[in-house]
Amino acid sequence: MTYDKLSPAVSKDKDARAELGSWLKTLREAKGLSQRQLADMLNLDYYTFISQLETGRGKIPSARYRDWATALEQEPKAFMTILLSYYEPEAYELLFGDAE
């Protein structure tokens with residue numbers, strides 16, 4: 001499944017990280033993975049980090065974007081672009097202009 005079919009819905013009313021977290025959860029669930037299984041695939045010490053991300057209380061380290069994209073079977077550049085639009089909206093705007 002590509003990111004186009006499971007891209008996050010943009011909403012001005014919802015906290016951006018929580019919205020991104022919901023999208024990440026959707027991707028994980030679409031792959032049939034538990035939080036623990038995804039954490040194991042990513043060699044994370046604590047599966048609770050996945051829960052934190054999915055509830056908008058964390059951030060994927062940029063050095064791990066490719067690992068996450070691979071684990072969730074997403075095209076890395078497209079995945080990173082979506083993350084950037086939520087984590088660094090000003091940088092995203094400078095690079096890509098108004099996406100709306």
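Tyr 92 and Phe 96 are four residues apart in helix H6, so about one helical turn separates them. Helices here are DSSP runs of H or I with at least four residues, strands are runs of E with at least two, and both are numbered from the N terminus. The rings of these two residues have their centres 4.9 Å apart and their planes at 45°, so the pair is tilted. Rings of Phe, Tyr and Trp (its six-membered ring) are paired if their centres lie within 6.5 Å, with planes under 30 degrees apart called stacked, over 60 edge-to-face and the rest tilted. The whole structure holds two aromatic pairs by this search. Tyr 92 is buried at 17% relative accessibility, whereas Phe 96 is partly exposed at 46%. In these terms, buried means under 20% relative accessible area, exposed means over 50%, and partly exposed lies in between (1.4 Å probe, protein chains only).

The model is a predicted one, in which local features need pLDDT of at least 70 and side-chain atom pairs count only at pLDDT 80 or more, while totals for chains, interfaces and linings use all residues. Residues are numbered from 1 along each chain as its sequence is written, and side-chain values use heavy atoms, with hydrogens and water left out.

Now for the overall picture. The protein has six helices and zero strands, and from the N terminus on its elements run α-α-α-α-α-α. Of its 100 residues, 35% count as buried. Among the contacts with a separation of 6 or more, 53% come from residues 24 or more positions apart; a contact means heavy atoms within 4.5 Å.

How do the helices pack? Two packed helices are described by the angle between their axes and the distance between the axes. The axes are lines fitted to C-alpha atoms, for helices over the stretch in contact, and angles run from 0 to 180 degrees between N-to-C directions. Helix H5 (residues 76-87) and helix H6 (residues 89-96) pack at an angle of about 125°, with axes 5 Å apart. H5 and H6 are therefore oblique to each other, given that angles under 35 degrees count as roughly parallel, over 145 as roughly antiparallel, 65 to 115 as roughly perpendicular and the rest as oblique. On the H5 side, the contact involves Thr 81, Leu 84, Ser 85, Tyr 86 and Tyr 87, and on the H6 side Pro 89, Ala 91, Tyr 92, Leu 95 and Phe 96. Sorted by class, this contact has eight nonpolar, two polar and no charged residues. The classes are nonpolar for Ala, Val, Leu, Ile, Met, Phe, Trp, Tyr, Cys and Pro, charged for Asp, Glu, Lys and Arg, and polar for the others, Gly among them.

Glu 88 sits in the loop between H5 and H6 and is partly exposed at 36% relative accessibility. Apart from neighbours within four places in sequence, Glu 88 is in contact with Lys 59 and Leu 83.

H5 also meets H1: their axes come within 9 Å and cross at roughly 155°. H1 and H5 are therefore roughly antiparallel to each other. H1 contributes Ala 16, Arg 17, Glu 19, Leu 20, Trp 23, Leu 24 and Leu 27, and H5 contributes Phe 79, Ile 82, Leu 83, Tyr 86 and Tyr 87. This contact has 10 nonpolar, no polar and two charged residues.

Two glutamates deserve a look. Glu 19, in helix H1 (residues 16-30), is buried, with a relative accessible area of 7%. Its side chain makes a polar contact with the side chain of Tyr 86 (2.7 Å). A polar contact is a pair of N or O atoms within 3.5 Å; within protein, one must be able to donate a hydrogen and the other to accept it, and residues adjacent in sequence count only if both atoms are side-chain atoms. Glu 54, in helix H3, is buried at 9% relative accessibility. The side chain of Glu 54 makes polar contacts with the side chains of Arg 28 (2.6 Å) and Gln 35 (2.9 Å).

Finally, the backbone. Most residues other than glycine have a negative phi. Asn 43, however, has a positive phi near 55°; this residue lies in the loop between helix H2 (35-41) and helix H3 (48-54) and is exposed, at 67% relative accessible area. Glu 73 likewise has a positive phi near 55°, in the loop between helix H4 (65-71) and H5.
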